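Please look at the sequence and the structure shown below.

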Amino acid sequence: MSFEIPVMGEFPARFGLVLPHFGSGPDAAHLLDIARQAETAGFDSLWVRDRLVAGAPHGLLLEAGGTTFLEPLLTLAAVAAVTNRIHLGTAVLLPNRHPLRLAQEVGTLWRLAPERLLLGLGLGVGPGNFEPLGFDYDTRLELFEEIAEVLRGLPAAGPLHHQGTHFSFEDLEINPQPGARVPLYYGGVSRAAVRRAFEWADGWIAGRLPHDTFLSRMQLVKRYEADTGRNLDIATMPITLVDDGDGRHLATAREAVATLARSAEGARDWIKPPSGRFETVDDLSGLLISGPPDRCAGQVGAMLEAGVTHIVFDLRLVFDDFERQIELLAGQVIPAFSGS
């Protein structure tokens, strides 16, 4: 099969991977091998998540079987040292860092990987990621806005200045700074997330959304495009599991369907399937890519046709099969799309 890749503004379709930096026991050597393999295979981007207290709100399955969590920016620094071309993204950093420290870290990553950084920011969930650091969880939107304001000002022509509720500083020289403005992404699944992406960012990370709900969000995207004259890079990060027919991941796929269905049922503003319940793989389209390569290609094609411009495959269910999944995606799924 072959699909024409839609182009939104300046953004052709791109394909990325979530790095295996969390779970039951992430291995540094394996992670760096994966980064090299992904770059060689032609992927466009590698992404990390962010969490201080690694919990499992949806069960251990969706946390790759464990609660170990390698710090995201340190992970990207290591990956930067073993890659040359591939973009490095955060999806998403929580607003629980002082913006000056984050500015220095962003500048450092830019030095290590010039023009390759994609900085995703979001609000996050769970007070455990904020309160142990002295931040009030209920003010996380204010924290995000102040941090985003500082980051949007980089690189600064002179000293940094900021006067806010949570952070205030004047005439501070922070070096290194990035050599150009780092693309900012806002991550979130709500209608408010779309608005914030257009207010603060260059891209919207839609996380995982059911297909019909995503189409509804894209109607809002088109309204903001018309109002602002701007086009954003639209990213989504579906749980992905490619099966080449040997059935080794069949039980995992079934468990994933059940887990994601329970999670989707609790989402108040998601559009329900015709049955009224999230129950099947088709009901979870947009949240999950699974099946043989041709079926996965069809699911990818539906996302691109809906307006996604950056698909980040989240292989957390099959971290122990990561190398083969890369081969299947790069060899049998992505080539179905002309121009990729």
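R316 is buried, since its relative accessible area is 7%; here buried means under 20% relative accessible area, exposed means over 50%, and partly exposed lies in between, with a 1.4 Å probe and protein chains only. The model is a predicted one, in which local features need pLDDT of at least 70 and side-chain atom pairs count only at pLDDT 80 or more, while totals for chains, interfaces and linings use all residues. Residues are numbered from 1 along each chain as its sequence is written, and side-chain values use heavy atoms, with hydrogens and water left out.

The side chain of R316 meets that of D314 in a salt bridge, with 2.8 Å from N to O. A salt bridge is defined as a side-chain nitrogen of Lys or Arg within 4 Å of a carboxyl oxygen of Asp or Glu. D314 is buried as well, because its relative accessibility is 2%. By this rule the structure holds 17 salt bridges.

Another of these pairs is D321 with R324, whose closest N and O atoms are 3.0 Å apart. Both D321 and R324 are buried. Salt bridges with shared partners join D244, R248, D321 and R324 into one network.

A further salt bridge is found between D269 and R217, at 2.9 Å from N to O. This pair links distant parts of the chain, 52 residues apart: D269 is in the loop between α7 (250-265) and β14 (288-291), and R217 is in helix α6. Helices (H or I, at least four residues) and strands (E, at least two) are DSSP runs, numbered from the N terminus. Are the two partners D269 and R217 buried or partly exposed? D269 counts as partly exposed because its relative accessible area is 43%, whereas R217 counts as buried because its relative accessible area is 2%.

A cavity is a set of points, on a 1 Å grid over the protein atoms alone, where a 1.4 Å probe fits but cannot get out, and its lining residues have an atom within 4 Å of a point. Grid points are joined across faces, edges and corners, and a volume is the space filled by probe spheres set on the points. The count comes to 3 cavities of 30 Å³ or more, and the largest cavity holds about 60 Å³ of space. Which residues line the largest cavity? They are L209, H211, F214, T236, G286, M303, A306 and V308. By class, the lining has 5 nonpolar residues, 3 polar and no charged; Ala, Val, Leu, Ile, Met, Phe, Trp, Tyr, Cys and Pro count as nonpolar, Asp, Glu, Lys and Arg as charged, and the others, Gly among them, as polar.

The backbone also deserves attention. Most residues other than glycine have a negative phi, and most peptide bonds are trans. A cis peptide bond joins L154 and P155, with omega about -5°, and P155 is placed in the loop between α4 (140-152) and β8 (160-163). The peptide bond from N175 to P176 is also cis, with omega near 5°. P176 lies in the loop between β9 (168-172) and β10 (184-187).

Strand β9 also contains D171, a residue that is not a glycine but has a positive phi of about 55°. D171 is exposed, because its relative accessible area is 52%. E115, likewise other than glycine, has a positive phi near 65°. E115 is in the loop between α3 (99-112) and β7 (117-122), and it counts as exposed because its relative accessibility is 60%.

The last stop is the surface. L52, V53 and L133 make a nonpolar surface patch of about 250 Å². Patches are made of residues with over 30% relative accessible area and no salt bridge, with like charges joined within 9 Å and nonpolar side chains (Val, Leu, Ile, Met, Phe, Trp, Tyr) within 5 Å; accessible areas come from the Shrake-Rupley method with a 1.4 Å probe, and for residues only the protein chains shown count as cover. A81, in helix α2 (residues 72-82), is exposed because its relative accessible area is 68%. The C-alpha atoms of A81 and A113 are separated by 7.9 Å, although the two residues are 32 residues apart along the chain.

Technical notes: On a 1 Å grid over the protein atoms alone, a cavity is a set of points where a 1.4 Å probe fits but cannot get out, and a pocket is an open set with protein on both sides within 12 Å along at least five of seven lines; lining residues have an atom within 4 Å of a point.
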